[in-house]
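Hi everyone, thanks for making time.

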Amino acid sequence: MTDLGAFSSSTDLAVGGNKVAVSIDDRIVIADTTGKVEGTITGLSGAYGLAMTPDGTRLYAALTGSGEVAEINTATREITRRVDLAAYGCPSSLALTGERLWVGYGGCGGASGALGLDLSVTTPEPAPFEVPLKSGPYLAAAGNTLVVGEGGGSPADLFVYDVSGAAPVFRGEIDGHTYSHGRLNDVAVTPDGSHVISAFVLPDAFEMWDATTLALAHSYEKGPEAEGYPATVAISPDGAYVAGGRDQLSAGGMTLYDRVSGAEIYTASLPEGEMVDGSAAFSGRDVFSLLKTDSDHLYLWRLHDVTLPASTLTLTAEPGGTAQQPLTLTGRLAFNDGTVPGAQPLAVTRTLPDGTSTELPSMTTAADGTFTITDTPPIGGRSPTPCSGTATRATAGARPPSPRRSGT
């Protein structure tokens, strides 16, 4: 948790490279991917929707107050150019595909719509395209797919476009009346553009849609510890996982799903306040989102290494161990789904009854996860008992799994 030291009910989050950006009305806070704040960009008018390049070098911000989109160098935290969108009224939602920035506007009394900007030219010209919106939009894009969703009302629709050519080509509509959709809080597109995942308050589930046929492909039900309505959704950089955040009356949390099977991989309850709608984003194996208290006090929430598969670590000692004599311990590292982890490095620490610790020689498990430790205890103590624990979320070829609970 990072206290952002600010209060707002209108905020957004974007991640790229080693940067995290949070819009807060008249400013944008830049943090690193540990959540440490690096600096602030001030003097902005109604900063809201954000989009960042994958390498984190450029940030784009929709400025609803001044009717502009600002391009920001995240290293210097300086505005490098501004695009005037005053004719389109309240730019609010952004999505980026390569050198094209898609902008959703509306929600401030005028018409709502969407347009594209070619960022490869010095002075991008707005290129609006037809979207039959009833309310201000949510945008998401990846690959050759752009989705524009109605941000309010019931029923609420999703409009899907092919953006492989010079201008968006309408693929079709995911009709809110047909699927009883109400109040869209967030929408995301898989990195390859093949699927769209929506977070509607109604129905009470995150839903995945085929971006070509527009058919419902999967519905992700809520986890047992993540109660509340769908508030935000994000997809991992490899497209393998869906992070769904829920919120209701200060109860809720984040659930990680396997995108294809729908299996729940990880859940975490909210540590503070409520989740900000549309605020989830992946950063490698981490998930970031925004939380706010009843007074709109903002916090940046980082869930670390959530995509690493859960594992268990067991260890037993042979009976009759004696001080100053070699003692053999055997154990096994295993993934919770029953698969074997392959050869994995282990870090081993011996802790004596007086609390002093010694690092023993490191080792590597066999392909099936089994391992043997030989140690010579310097002093006697009570007989060791078999122990087991839930290891940190580990993956083959990554880092040594460290038990969350240690035994004797």
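Let's start at strand β12, residues 113-118, which is joined to β13 by three bridges. The two strands run antiparallel. If you want one spot to look at, take Gly116, whose bridge partner in β13 is Ala127. And a quick word of caution before I go on: this is a predicted model.

Okay, on to the aromatic rings. A search of the whole structure turns up seven aromatic pairs. One of them is Trp102 with Phe129, and that pair is edge-to-face. Centre to centre they are 6.0 Å apart, with 85 degrees between the planes. Where do the two residues sit in the chain? Trp102 is in strand β11, residues 100-105, and Phe129 is in strand β13, residues 127-129. They are 27 residues apart, and the pair links distant parts of the chain. Are Trp102 and Phe129 buried or exposed? Both are buried.

Another pair is Tyr161 with Phe170. Here the ring centres are 5.3 Å apart and the planes are at 55 degrees, so this pair is tilted. The two partners don't get the same label for exposure: Tyr161 is buried, at a relative accessible area of 3%, while Phe170 counts as partly exposed, at 44% relative accessibility.

The charged end of Arg183 sits over the ring of Tyr229, 5.3 Å from its centre.

That brings us to charges. How many salt bridges does the structure hold? The count is 15. I'll go through a few.

Take Lys19 and Glu38, whose side chains meet in a salt bridge at 2.7 Å, N to O. Lys19 lies in strand β3, residues 19-24, and Glu38 in strand β5, residues 37-41, so the pair ties together parts that are 19 residues apart in sequence. Lys19 counts as buried, at 13% relative accessibility. Glu38, at 34%, counts as partly exposed.

Next up, Lys134 and Asp157, with a salt bridge of 3.6 Å, N to O. This one goes from loop to loop. Lys134 is in the loop between β13 and β14, and Asp157 is in the loop between β15 and β16, so the pair ties together parts that are 23 residues apart in sequence. Lys134 counts as exposed, at 58% relative accessibility, whereas Asp157 is buried, with a relative accessible area of 8%.

Then there's Arg285 with Asp305, where the side chains meet at 3.1 Å, N to O. Again we have two loops: Arg285 lies in the loop between β27 and β28, and Asp305 in the loop between β29 and β30, so parts that are 20 residues apart in sequence get tied together. Arg285 counts as partly exposed, at 35% relative accessibility. Asp305 is buried, at 5%.

Salt bridges can also be found linked in a network here, and the residues in it are Arg58, Glu71, Arg81 and Glu99.

Last stop: Thr374, in strand β34, residues 370-375. Is Thr374 buried or exposed? At 56% relative accessibility, Thr374 counts as exposed. What does Thr374 touch, leaving out residues up to four places away in sequence? The contacts are Pro326, Leu327 and Thr328.

Notes:
Residues numbered from 1 in each chain as written. Predicted model: local features only at pLDDT ≥ 70, side-chain atom pairs only at ≥ 80, totals over all residues. Heavy atoms only, no water. Phe/Tyr/Trp six-rings, centres within 6.5 Å; stacked < 30°, edge-to-face > 60°. Helix = DSSP H or I, 4+ residues; strand = E, 2+ residues; numbered from the N terminus. Buried < 20%, exposed > 50% of the residue type's maximum accessible area, 1.4 Å probe, protein only. Lys NZ or Arg CZ within 6 Å of the ring centre and 35° of its normal. Salt bridge = Lys/Arg side-chain N within 4 Å of Asp/Glu carboxyl O. Pairing = 2+ DSSP bridges. Contact = heavy atoms within 4.5 Å.
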